[in-house]
Amino acid sequence: MERALALLEPDRSPAQPDLANGYLDLLDDAKAIQSRVSRRTMGSRLMPPIYERFERPLVARIAMGRHNPGAAGEHRRALEMLALSAGDRVLDLACGPGNFTRDFAAAIGGEGL
């Protein structure tokens with residue numbers, strides 16, 4: 001997390017970042033309540049499996065029809081399009097419970113961010 005904070009401009013870095021939960025919240029106070037509710041929901045043990053196994057595939061099926069590659073295909077396409085390699089930096093910006101982020105982290109390894 002300290003490596004991520006170092007990437008921010010000093011005037012954009014939070015005065016007291018909450019690093020305890022593995023993410024960096026950069027929302028202002030006006031949006032903080034909604035953000036906390038969303039984080040709690042996606043951070044629960046129940047919601048991520050529902051999102052990954054049912055909600056996300058259903059929305060993708062509706063949006064893409066028969067051309068939907070499925071979750072594994074989406075992950076493969078994202079990795080191919082990003083062409084990630086060891087040591088790269090990737091920003092997952094509000095992308096659900098992190099189902100793509102896990103693949104990105106594996107692709108960039110411990111030296112990546």
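## Reading the model

Helices here are DSSP runs (H or I, at least four residues), and they are numbered from the N terminus. This is a predicted model, where local features need a pLDDT of at least 70, side-chain atom pairs count only at pLDDT 80 or more, and totals for chains, interfaces and linings use all residues. Residues are numbered from 1 along each chain as its sequence is written, and side-chain values use heavy atoms, with hydrogens and water left out.

The chain averages 77, and 73% of the residues score at least 70. Among the elements, helix H2 (residues 29–43) has the lowest mean pLDDT, 63, while H5 has the highest, 88.

## A kinked helix

Take a look at helix H3 (residues 47–64): there's a kink of about 30 degrees at Glu55, shortly before the proline Pro57. The bend at a residue is the angle between two fitted axes, one for the seven residues ending there and one for the seven starting there. Met47, Pro48, Tyr51 and Ala60 of H3 are buried (under 20% relative accessible area, with exposed meaning over 50% and partly exposed in between, using a 1.4 Å probe and protein chains only).

Pro69 is partly exposed, at 28% relative accessibility. Its contacts (heavy atoms within 4.5 Å), leaving aside neighbours within four places in sequence, are Met64, Glu74 and Arg77. Pro69 and Pro57 are 12 residues apart along the chain, with 9.7 Å between their C-alpha atoms.

Now for Ala83, in the loop between helix H4 (70–82) and helix H5 (99–108). Ala83 has a positive phi of about 50 degrees, even though it isn't a glycine. Most residues other than glycine have a negative phi. Ala83 is also exposed, with a relative accessible area of 56%.

## The nonpolar core

Which residues make up the largest nonpolar core? The five are Ala78, Leu84, Phe100, Phe104 and Ile108. Three of them come from H5, the largest share. (A nonpolar core is a set of buried Ala, Val, Leu, Ile, Met, Phe, Trp, Tyr and Cys residues joined through side-chain atoms within 4.5 Å.) Not counting residues up to four places away in sequence, Leu84 touches Leu79, Val90, Phe104, Ala107 and Ile108.

Key:
Helix = DSSP H or I, 4+ residues; strand = E, 2+ residues; numbered from the N terminus. pLDDT = per-residue confidence, 0-100.
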